[in-house]
Amino acid sequence: MTSTHSARTDSPTTEQAPPHGPVTAPRRRAVVAAGAAGAALLPLAGAAPSAGAAEAGPSFAHGVASGDPLPDGVLLWTRVTPGPGAVPGSGKGAPVEVDWEVARDREFGTVVARGTVRAEAATDHTVKADVRGLRPATTYFFRFTAEGAHSPTGRTRTAPAESAQVDRLRLGVVSCANYEGGYFASYRHLAARTDLDAVLHLGDYLYEYGHGEYPTGDAVVRTARPTHEIVSLADYRVRHGHYKSDPDLQAMHAAHPLIAIWDDHELADNAWSGGAVNHDPATEGDWAQRTAAAKQAYFEWMPVRPSTAGTTFRKLRFGSLAELHLLDLRSFRDAQPTVGDGKDIDDPDRTLTGRRQLDWLKKGLAGSPARWKLVGNPVMISQVAFGSVPAKFLGPLAACLGVPREGLAVNTDQWDGYTDDRRELLTHLRDNRVTDTVFLTGDIHMNWANEVPLRAADHPHEPPVATEFVITSVTSDNLDDTLRVAPDTLSGIAEAAVRAANRHVRWVDMDSHGFGVLDVDATRTQMDYYVLSDKTDAHATATLRRSYRTTAGSQRVERTYQPVR
């Protein structure tokens with residue numbers, strides 16, 4: 001067994017990616033929810049104390065989490081509050097020795113691994129234990145102890161052995177959770193499921209805005225802390241801590257291992273390697289310092305193994321059935337082109353992925369021995385044209401999709417703004433006959449089921465080279481929120497127009513909030529799309545909206561009326 005304050009990066013089953021080389025109102029791209037549960041709904045953790053509670057001794061106010069499951073291990077996480085005043089971002093509190101243990105049973109009658117880590121102010125009193133020597137495809141329970149105080153109990157699961165013949169892989173899928181936009185009911189519903197191997201979070205785990213900046217006015221459901229836009233290391237730590245005080249988020253982390261990548265809002269809106277739309281150096285300081293602070297807080301507070309150079313691109317194997325490549329599409333990209341700036345979206349010198357990450361991805365997909373090649377993809381790879389969308393929808397749609405309000409058929413923050421990278425990747429899939437590649441995408445606060453052609457203009461005459469399932473937001477605004485209308489009252493017009501202009505889009509849902517359940521077996525990969533009754537309702541229900549699948553060898557998407565059981 002090994003334990004450490006930071007994650008190990010030498011695992012052969014988590015391939016490390018090589019390196020690539022005063023507050024202003026944000027000019028936000030993404031507008032596109034979910035319900036808080038009571039303590040009784042926490043399946044393992046039990047009642048969670050308030051994150052701001054002043055305890056006489058150490059406490060675990062932010063719950064527990066696990067992540068990045070391997071065949072022989074998993075990463076465990078918690079945050080210790082050593083005493084009164086030692087809240088996230090404060091820099092206060094004495095070091096605390098923290099014991100961890102892993103057991104085969106919830107009562108810890110059969111402990112199979114244990115160790116000790118040290119919580120201290122330098123890491124905001126967060127700790128990680130990278131536990132190894134466990135059995136593949138096995139459910140375990142874990143907890144932490146500090147000076148006699150026990151954390152909540154978490155449940156986790158290891159991945160199958162790389163050579164194992166695996167019948168099934170099932171993942172919860174989420175993205176875009178804006179605290180002020182609503183309640184995190186999607187997390188509660190995922191926590192209640194006992195059939196998941198892990199939860200895949202595709203980015204925008206948190207948002208950087210100040211109170212009332214997004215959403216605005218009476219659309220604000222609750223208040224995020226700190227109330228100003230987060231810029232400094234202390235700010236990002238406070239925001240992470242506030243998110244992890246949410247009982248639904250704690251319940252999900254306690255129930256399932258998390259596999260996460262970041263998108264822009266973990267840093268700042270529309271981030272790129274040298275800046276962000278929502279960053280003004282004149283008033284918010286040096287971008288490199290801000291992004292370093294954001295990334296440090298992220299790796300402190302998330303059960304994620306950083307790869308080389310502190311990025312989130314890496315891969316995980318699930319036996320012979322599936323391999324999951326996880327992308328970082330913020331750290332290496334060039335600035336997004338804007339209307340009239342003279343930049344060419346087809347310029348081969350501009351990149352979304354960075355040269356070495358793209359080479360790593362191409363090599364990994366072509367060389368994968370797994371049946372299914374899954375790609376955790378923060379922004380949509382499928383092309384999107386507006387076509388004949390009525391003018392009244394262009395503004396709200398542009399806000400959701402990140403395109404110019406004039407309705408130009410290019411989404412410059414996504415792969416549409418970096419067409420040479422996309423062409424190279426998709427051509428590689430075609431020329432090397434890489435089949436069964438499925439992009440799993442978040443970001444745009446809508447549900448989509450897409451076939452991915454090399455050139456959209458050739459579809460359906462030329463076969464697609466991949467498929468894509470895009471999952472909507474947990475809470476972040478989408479079309480009906482932006483229009484301030486009831487769901488499904490106007491969006492059908494825009495949905496039909498987008499589908500008419502994009503024949504590779506098999507389905508789009510512009511109004512819902514919720515989560516996905518991805519089920520993989522040897523014959524097909526299927527996404528069940530679940531939607532919430534009301535993101536502003538702390539007790540929102542979830543219902544199945546639709547199911548789509550791609551069958552092995554087809555690169556096609558079809559609707560199915562049989563959700564996974």
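1. Basis of the note. The model is predicted, so that local features need pLDDT of at least 70 and side-chain atom pairs count only at pLDDT 80 or more, whereas totals for chains, interfaces and linings use all residues. Residues are numbered from 1 along each chain as its sequence is written, and side-chain values use heavy atoms, with hydrogens and water left out.

2. Packing of α2 and α5. Helices here are DSSP runs of H or I with at least four residues, strands are runs of E with at least two, and both are numbered from the N terminus. The axes of α2 (residues 233-243) and α5 (residues 287-301) come within 8 Å and cross at roughly 35°, where an axis is a line fitted to C-alpha atoms, for helices over the stretch in contact, and the angle runs from 0 to 180 degrees between N-to-C directions. The crossing of α2 and α5 is right-handed, a term used when the near helix is turned clockwise from the far one by less than a right angle.

3. Residues of that contact. The residues of the contact of α2 with α5 comprise seven nonpolar, three polar and three charged, on a scheme in which Ala, Val, Leu, Ile, Met, Phe, Trp, Tyr, Cys and Pro are nonpolar, Asp, Glu, Lys and Arg are charged, and the others, Gly among them, are polar.

4. Nonpolar cores. A nonpolar core is a set of buried Ala, Val, Leu, Ile, Met, Phe, Trp, Tyr and Cys residues joined through side-chain atoms within 4.5 Å, and buried means under 20% relative accessible area (1.4 Å probe, protein chains only). The largest such core has 39 residues, of which Phe-184 and Tyr-187 touch the most other members. At least two residues of this core come from each of α1 (185-191), α2, α3 (247-255), β12 (258-260), α5 and β22 (514-520), and α5 gives the most, with five residues. Another core, of 31 residues, lies apart from it and has Ile-259, Phe-318, Leu-321 and Tyr-548 among its members.

5. Surroundings of Tyr-187. When residues up to four places away in sequence are not counted, Tyr-187 touches Val-174, Ala-177, His-201, Asp-248, Leu-249, Met-252 and Val-474.

6. Gln-526 in a strand. Gln-526 belongs to strand β23 (residues 524-532) and counts as buried because its relative accessible area is 2%. The side chain of Gln-526 reaches the backbone oxygen of Gln-562 at 2.9 Å, and the rule for such a polar contact is a pair of N or O atoms within 3.5 Å, where within protein one must be able to donate a hydrogen and the other to accept it, and residues adjacent in sequence count only if both atoms are side-chain atoms. Leaving aside neighbours within four places in sequence, the residues in contact with Gln-526 include Val-517, Leu-518, Tyr-548, Arg-549, Thr-560 and Val-564.

7. Buried loop residues. Thr-412, in the loop between α7 (391-401) and α8 (419-431), is buried because its relative accessibility is 11%, and the side chain of Thr-412 reaches the backbone oxygen of Pro-337 at 3.3 Å. Ser-476 is in the loop between β20 (466-470) and α9 (479-483), and Ser-476 and Met-446, which are 30 residues apart in sequence, are 9.8 Å apart in space, C-alpha to C-alpha. Gly-182 occupies the loop between β10 (169-174) and α1; between Gly-182 and Lys-535 the separation is 353 residues in sequence and 5.2 Å in space, C-alpha to C-alpha.

8. Backbone geometry worth checking. The peptide bond from Tyr-214 to Pro-215 is cis, with omega near -5°, and that from Arg-225 to Pro-226 is cis, with omega near -10°.

How values were computed. Buried means under 20% relative accessible area, exposed over 50%, partly exposed in between (1.4 Å probe, protein chains only). Contact means heavy atoms within 4.5 Å.
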